[in-house]
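Please examine the sequence and the three-dimensional structure shown below.

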Amino acid sequence: MWTALQNVVFPLDRDPDVLPLYADPETWTTIDGQNVKVSNLAHIDNVLSRTSTQVTAGRRVSFASYFNAFPASYWQHWTNVKRVRLELATRGSGTVLVYRSNSQGAQQRVESRRVSGSATSRFDLALKSFGDGGWYWFELEADKDNLVLERGTWLTDAKQKSTGKASLGTTTFNKPDYCVNTLDALAQSPEVLEVIDKIFIIDQGTQKVADEDGYSAVASAIGEQLEIITQPNLGGSGGFSRSMAETLKRDDSDFLILLDDDVKIEPESILRAVAFARHSKRPSIVGGHMFDLLNRPVLHAFAEIVDEKPFIWRPQHKELFPHDFRNTNLRQSRWMHSRMDADYNGWWFCLIPKMVIQEVGLSLPAFIKWDDSEYSLRARSKGFPTVSLPGVALWHVSWLDKDDSIDWQAYFHARNRIVAGLLHSRFTKSGDLLLDSFRLDLKHLLSMQYYAVTLRHMALRDILSGPSHMHQQLPSQLSVLRNAASSFSEMQVLRTDDETPPTNQGKQVFPVPPPHSSAPGPRGLSLALFTAKMTARHWFTNPAAANRKRPQVELAKRDATWFRTPHYDSALISTADGSGKSWFQRDRSTFRQLLTESLALHRKLRGDWVPLSKAYRHSLPRITSVEAWDNTFGK
């Protein structure tokens, strides 16, 4: 019996910007080192329905695209699938061509076949030579009349290792419009609802999803599969843990899919993630990639890893991102043909088998940040891998217009990174983690970001207090962090001309690189000298009186770099989202106090690393248990 692994699909909303993710012009060339389309053979007007498109007479279109090519290497490596069948239903005359690639991205033709009239073409394709990478795809070339693709499916005759459904969990805080849009996309995809057991919306906000326009209609369409659970704001980890706990009660759920709230879903991705999980050789976390919701052909996350020595997350090849499919297609992106194994996948879209939840527990009570990466590291230690699967993705609001390292989230960045290191680092004294943490403190201090450092130090003190603080503080910590912002001038956003003071127009005393400089900043010996010089300046000198009364300079966010702002006594800097400006002011006393404190806290953490690590590892099963979370949920 042949079952579907992946359907050929086209954009739900007929958005021409995302068409390159579904179909691709056959003809490209290179001009001045840039990939340029010679002719745009795939056009949004040729899309006939969710599953069908036409190729204009005499033209050729390739489906070597992100959503419609088949990532053969991932299926060969991680699943029991030994062969796939490509089944295409066409109408009209033309040629079907099937291609494959290897791990270096070299293209090889596999088979071609003439079609005419109403035809169903089947191509049986082996999965046995894709060990390090490679894809399958097909192309269509029309004769003198249009050639219509009515339906396309990638299938297998391998037996599923699991047949259960998936529950779906979304945590939301005051984004009811996004949630209703996601529910509407699911309601319009009955084939997706067939594999879903229950949809949990964990509503932690004051703007309720149930009160949003359009909710009643989608709730009626979905019916009893939808359940809204209201609870206090416990962050992403609290909401996702609630979905995990509820899924453990579901006899028909073998999997839980976690989705962020501020996303636009490609419903086909749910089908693919479930199919992959059902065929996985052993229970595996299956993650989806992230495209930019506000620039939809741009891919931001493909395969994420934790760099062990500094213990920090990053893309496996960060120089490759962001990647714009308008400029470089799948066939030209040779790096995308190598199989990339991930350490973790963001919980913007992530399928977790119920067996994994039963074995490793619920999320760390982290509120936000590092809950997803820590969970995959914990699962890996129990033998459960994470696979970030191409062709499974959604669109998410990117972090390009955010700077959460200097707002209230600075606390969670610092605390949860170090807690994850205490739990999973293989270095007895943290490797470079604590050194890197101290460097971040110094960078913030030299940039006059005193609020961020104050919160980071709160985090370090809480870590030293032991693991019990994580559940105890979860419901209240956010208000503590936000209330602390009132004491710091840089946290007051100035949004109008009346609020914004004019800059001091006097002569600049300290030479700095020009605005928009492409220089990456000092490195090596130059960095050491720069750091020593700027640290001495901030430690020994007071700001000029004029620069206390008015900002010394106004800088665009992109120009307020860590190697530019230390030269100033005060600076008016644009917020990351462009909605206002903040006045950063140098204070010698605060600098001295926080730098001294940073040295002491990091020295203490390093000295106590071994017993702290033992304490956190010993407590991990308890603080991630259903019982501990039920108490926090207030059950």
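H9 covers residues 410–424 and spans 21 Å from its first C-alpha to its last, close to the 21 Å expected at 1.5 Å a residue, the expected value being 1.5 Å times one less than the number of residues. Helices (H or I, at least four residues) and strands (E, at least two) are DSSP runs numbered from the N terminus.

The model is predicted: local features need pLDDT of at least 70 and side-chain atom pairs pLDDT 80 or more, whereas totals for chains, interfaces and linings use all residues. Residues are numbered from 1 along each chain as its sequence is written, and side-chain values use heavy atoms, without hydrogens and water.

The axes of H10 (residues 433–446) and H16 (residues 588–607) come within 10 Å and cross at roughly 175°; these axes are lines fitted to C-alpha atoms over the stretch in contact, with angles from 0 to 180 degrees between N-to-C directions. The two helices are therefore roughly antiparallel, a term for angles over 145 degrees.

Strand E12 (residues 147–156) has 8 of its 10 residues buried, so it is largely enclosed by the rest of the structure. Strands pair if DSSP finds at least two bridges between them. E7 (residues 83–91) pairs antiparallel with E12 over 7 bridges, and Arg-85 is partnered there by Leu-155. E1 (residues 3–7) is joined antiparallel to E12 by 4 bridges, with Asn-7 opposite Thr-153.

Notes: Buried < 20%, exposed > 50% of the residue type's maximum accessible area, 1.4 Å probe, protein only. Parallel < 35°, antiparallel > 145°, perpendicular 65-115°, else oblique.
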